[in-house]
Amino acid sequence: MAGRGQASGAAPLALRCERLQARLAAWRQGLRQAEARLAQAQSFLSLAPKAQEVLEEAQRRIQQEIVGGLSDLLTFMLQGVMGDPERRVVCETEVDARGQSQVRFFVQRASGEREDILAGNGGSIANVVCTGLRLVAVSRAKRARPFLVLDEPDCWLSPDRVGPFVSLLQKAVDAVPSGMQVIMITHHDVHDGAADINTLELLRQDGRVKVRSRIQRGALSGQIERIELRHWRSHEHTVIALGAGLNVLKGANNLGKS
């Protein structure tokens, strides 16, 4: 009896041992696979510093190409408006402590001397550079209507520089393939600018604001054809027709241009 009991108890024990050995073999195989993946990951991580260096260098080169073109455009505008071929706009990229890319702008003379765009020529350089940046931003926007309002972008320009500024601005607007539409608000006389410019002059007659328009080019399909104001501040009923490209809105202070 004892022999048969020992034999019957040994069979399940042997079966359990086989199962445990099979599970152990599976675990060992899984461990080997995990170790192989770990080694692969460690090998990949060892390349991370070099990969990061390559990516940063590629980013730097791309940024330099972008800001290089931007520098040329802004320099062209600056020299065209200010009439000074000895100065150019320099754009430099840098990465801040948060890892964010930034672009800094300078005006550099032929001697290498640099000046702040916000202070150069009493602010007139800032007028030119900021206008150029706005044109670039709107022209590159994919989902936005190519429409821009410039409120006194010539505020710090001397009167003799306003004509070249307006002429250059119109050429830049016309060069946008998608057909940009711009309203430039000013208190300067711009008749010395481009000959075919759309001009809108606000004036007060009989206590009411009126508009004297000279539209040389009608608005294109999809562009804003007119702005109508009713009972809004100084406007009892004002209709402002707009044309394609650049529209210059002129008027005295406190007439409601902006």
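These numbered points comment on a predicted model of a protein chain.

1. Overall make-up. The protein chain holds three helices and 10 strands. Read from the N terminus, the elements run α-β-β-β-α-β-α-β-β-β-β-β-β.

2. Burial and surface. The protein chain has 258 residues, and 32% of them are buried.

3. Contacts along the sequence. Take the contacts between residues at least 6 apart in sequence. Of these, 59% join residues at least 24 apart.

4. The three-stranded sheet. Three strands form an open sheet in the order S1-S2-S3, and the pairing is antiparallel. Strand S1 (87-95) and strand S3 (114-116) are the edge strands. Each has a single partner strand, so one side of each lacks a neighbour in the sheet. On average, neighbouring strands of this sheet are turned by 45 degrees against each other, direction ignored.

5. The S1 and S2 pairing. S2 covers residues 101-109 and runs antiparallel to S1. Nine bridges join the two strands. Within this pairing, Arg-88 stands opposite Gln-108 in S2.

6. Thr-238. This residue lies in strand S9, which spans residues 235-241. Its relative accessibility is 2%, so Thr-238 counts as buried, the cut-off being under 20%. The side chain of Thr-238 makes a polar contact with the side chain of His-235, at 2.8 Å. Leaving aside residues up to four places away in sequence, Thr-238 touches Val-209, Val-211, Ile-227, Glu-228 and Leu-229.

7. Salt bridges at buried residues. The count of salt bridges comes to 10. One of the pairs is Arg-87 with Asp-84, whose closest N and O atoms are 2.9 Å apart. Arg-87 is buried, at 6% relative accessible area. Asp-84 is buried too, at 18%.

8. Arg-226 pairs with Glu-228, the closest N and O atoms being 3.2 Å apart. Arg-226 has 51% relative accessibility, so this residue counts as exposed. Glu-228 is partly exposed, with a relative accessible area of 33%. Shared partners also link salt bridges into one network of Asp-84, Arg-87, Arg-109 and Glu-115. In a further salt bridge, the side chains of Arg-161 and Asp-160 meet at 3.4 Å, N to O. Arg-161 is partly exposed, at 21% relative accessibility.

9. A point to check in the view. Which residues does Thr-238 touch, not counting those up to four places away in sequence? Glu-228 is among them, and Glu-228 is also the salt-bridge partner of Arg-226.

Technical notes. Residues are numbered from 1 along each chain as its sequence is written. This is a predicted model: local features need pLDDT of at least 70, side-chain atom pairs count only at pLDDT 80 or more; totals for chains, interfaces and linings use all residues. Side-chain values use heavy atoms; hydrogens and water are left out. Two strands pair if DSSP finds at least two bridges between them. Helices (H or I, at least four residues) and strands (E, at least two) are DSSP runs, numbered from the N terminus. Axes are lines fitted to C-alpha atoms, for helices over the stretch in contact, and angles run from 0 to 180 degrees between N-to-C directions. Buried means under 20% relative accessible area, exposed over 50%, partly exposed in between (1.4 Å probe, protein chains only). A polar contact is a pair of N or O atoms within 3.5 Å; within protein, one must be able to donate a hydrogen and the other to accept it, and residues adjacent in sequence count only if both atoms are side-chain atoms. Contact means heavy atoms within 4.5 Å. A salt bridge is a side-chain nitrogen of Lys or Arg within 4 Å of a carboxyl oxygen of Asp or Glu.
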